[in-house]
Amino acid sequence: MMPRDPDFPAGSADLSQDRHMETRQHKKVFIKTFGCQMNVHDSARMRDLLASKAGYRSTEEPETADLILLNTCSVREKAKEKVFSELGRFRQIKARRPDVVIGVSGCVASQEGHAIIQRMPFVGLVFGPQTLHRLPAMISAYQQSGIPQVDTAFPTVEKFDNLPPARAEGPSASVTVMEGCNKSCSYCVVPHTRGREVSRGMEEVLTEIAALSEQGAREIVLLGQNVSGYRGTTQGGKTVDFATLLSEVAALPLVRRIRYVTSHPREFSRRLIDLYEKTPKLVDHLYLPAQHGSDRILFAMKRGYTALEYKSLIRRLRTIRPNLSVSSDFIVGYPGETDDDFSAMLRLITEVGHDNSFSFLYSPRPGTPAALLPIGIPLPVRRARLQQVQALIESHAHRISQSMCGTVQEILVEGQSAKDPALLQGRTENNRVVHFPGTLSATLPVGALVNVTITESARYALHGTLT
Ligand code: SAH
Ligand code: SF4
Ligand code: F3S
C-alpha cells in the first residue's frame with residue numbers, strides 16, 4: 001500500500017514507471033521534535049535517511065505529509081500526555097487520509113513501547129532512539145502487513161553504521177560521539193530511555209567530522225548524554241578517553257571551533273582541564289550541569305560531587321581561561337528542598353556567575369527512585385523559587401553581554417541577517433548572536449571567523465563592527 005500523493009488524485013490510474021518514480025519523489029515527511037539536542041540531531045538524521053533511502057522530502061505541514069513522526073522526550077512531566085494529545089490531532093488526519101503513516105520515536109516511545117499502540121491503534125510505528133536507522137524497513141513492513149511495528153531495542157553502535165553520511169547544513173555541525181548514560185541520578189529517566197553508554201569508534205567520529213568540515217562546517221558540536229564518559233576504541237584496538245578524542249578533533253585543519261554537550265562534573269578529568277591550555281579551538285564556553293548547589297540535595301540526587309568540587313573545577317578552568325562562561329541545568333524543588341538548600345543553589349549560581357542556563361521544576365518520573373519521595377514543598381513556593389533562579393541567571397547573562405561592549409570578539413559568520421540585508425550575523429564563543437555591517441563574499445564566506453568590536457548589547461543580540 002503506497003502512501004497516496006495529494007498531487008495525484010486517487011482516480012488517476014497512470015502508474016507508468018516514470019510517473020511512479022515521480023510519485024516516490026514527492027512523498028513528504030513531517031517530523032515534530034521535542035527534547036534535547038540529541039533528539040534534534042536524531043530528527044535531522046531521520047530526515048537524511050528517509051530522503052536517501054525512501055525518497056521523502058521534508059514538510060512543515062502535517063496536513064499534506066505521507067509520514068508523520070513525533071520524536072518525543074520524557075525527561076519531564078506530562079511528556080506522555082503531550083504526546084497523546086498531539087497524536088489526537090493526527091488521528092483526524094489519518095481518518096481523512098488512511099494511507100498516512102504515523103510514527104512515535106524518541107524517549108517516550110522507548111519507555112512506553114506497545115502501550116502507545118494499545119491506546120492509539122492508528123499509530124503504525126513505535127521506535128526508540130537506537131533503532132531509528134531501521135525506519136525505512138519498518139515503514140515497508142507496516143505498509144505491506146498493516147501490522148503496527150514496534151522496535152525499542154538497544155543494539156550497540158549498529159545505528160551509526162546504517163545511517164547515510166552526515167551532511168553539513170551550515171557553519172556549525174553536530175556529531176554524536178556517544179549515547180546513553182551509565183549514571184543513576186535519582187530523578188532521571190534518560191538511562192531507561194537511551195540505555196547504557198555506547199561510544200563510537202574514534203576514527204569513525206573523526207572521519208565524519210572531516211567530511212562535515214570539507215562541506216563547510218567550521219564549528220563542531222560533539223554530542224552525547226555524558227560525553228566526558230566517552231570511551232572509544234581505535235582501529236588499533238586501544239581505548240581512548242574524551243580528552244584524546246578532543247585533541248584529535250582539534251588537529252583537523254578545517255575545524256576551527258569545538259563545543260560539546262553535555263559533560264558531567266564527576267568525570268571532568270585533569271587531562272580534560274589541561275586541554276583548555278593547549279587547545280585554543282575549544283570555545284571559551286562550558287555547559288556543565290550542576291543541577292543544585294546544596295550538598296545535601298546533590299547527595300540525594302546521587303550526582304557524585306559537592307558544590308565545592310563543582311566550584312573548584314570551574315576555578316581551575318578559569319585560571320587557564322579567565323573569560324570562560326559557564327552554563328548549567330538546574331532542578332528546583334527536588335523532594336525535601338528546604339529554604340537553606342535553595343539558598344545554597346542561589347549561592348552557587350552567584351559564585352560561579354552562571355551565564356544563560358536551563359532551570360526546571362523537579363518533576364517525578366515514573367520508575368525513578370525520587371518519584372517515590374513526597375515533594376513536600378507547596379507548588380507556589382517551588383514556582384517562586386524557579387522564578388528567582390531564572391531572574392538571577394538572566395541578570396548574569398545581561399551583565400556578561402554588557403561587559404562584552406567595547407571588546408573584540410571572534411565571530412563565526414552564519415550568514416546575512418534575516419532582518420537587515422546590510423548586516424551579517426554570527427555567533428561569539430559564548431553563544432551570543434552578533435549583527436555587524438557587511439556582505440558575504442569570497443573573502444568573507446559563511447563559516448569565516450572574523451574579529452568584531454562589540455558596540456552595543458540589545459535584548460536578543462549584540463551589535464558590532466568588523467575590526
Ligand atoms: N546528562 C545530563 C542531563 C541530561 S537530562 C547531565 O547529567 O547533566 C537534561 C536535563 O533535564 C538535566 O540536566 C536536568 O536538569 C533535567 N531533568 C532531568 N530529569 C528531570 C526531572 N525529573 N525533573 C526536572 N528536570 C529534570
Ligand atoms: Fe540523567 Fe544523571 Fe545520566 Fe544526566 S548523568 S542523563 S541527569 S542519569
Ligand atoms: Fe528528553 Fe530523551 Fe533527550 S528524555 S532530554 S529526549 S535523552
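This is a predicted model: local features need pLDDT of at least 70, side-chain atom pairs count only at pLDDT 80 or more; totals for chains, interfaces and linings use all residues.

Met202, Val205, Leu206, Glu208, Ile209, Leu212 and Ser213 are buried in H9. I then looked down the axis of H9: the buried residues fall within an arc of 160 degrees, so they line one face of the helix. On the other side of H9, I found Thr207 and Glu214 exposed.

What covers the buried residues of H9? I listed helices H2 (37–54) and H10 (242–250) among the covering elements. Strands E7 (172–176), E10 (219–223), E11 (232–233) and E12 (239–240) are also included.

Next I checked the length of H9. The helix runs over residues 202–214, which is 13 residues. At 1.5 Å a residue, H9 should span 18 Å, and its end C-alpha atoms are 18 Å apart, so the two agree. Just after H9, I noted a positive phi of about 115 degrees at Gly216.

I moved on to ligand 2. Which residues surround ligand 2? I found Cys181, Lys183, Cys185, Tyr187, Cys188, Val190, Pro191, His264 and Arg303 around the ligand. I sorted this shell by class: six residues are nonpolar, one is polar and two are charged.

Cys188, one of the residues around ligand 2, has 19% relative accessibility and therefore counts as buried, the cut-off being under 20%. I looked up Cys107 as well. Its relative accessibility is 8%, so Cys107 counts as buried.

Note on methods
Residues are numbered from 1 along each chain as its sequence is written. Chains are lettered from A and ligands numbered from 1 in the order in which they are written. Side-chain values use heavy atoms; hydrogens and water are left out. A residue is near a molecule or strand if one of its heavy atoms lies within 4 Å of it. Ala, Val, Leu, Ile, Met, Phe, Trp, Tyr, Cys and Pro count as nonpolar, Asp, Glu, Lys and Arg as charged, and the others, Gly among them, as polar. Helices (H or I, at least four residues) and strands (E, at least two) are DSSP runs, numbered from the N terminus. The expected span of a helix is 1.5 Å times one less than its number of residues. Buried means under 20% relative accessible area, exposed over 50%, partly exposed in between (1.4 Å probe, protein chains only). The arc is that of the directions from the helix axis to the C-beta atoms. Contact means heavy atoms within 4.5 Å.
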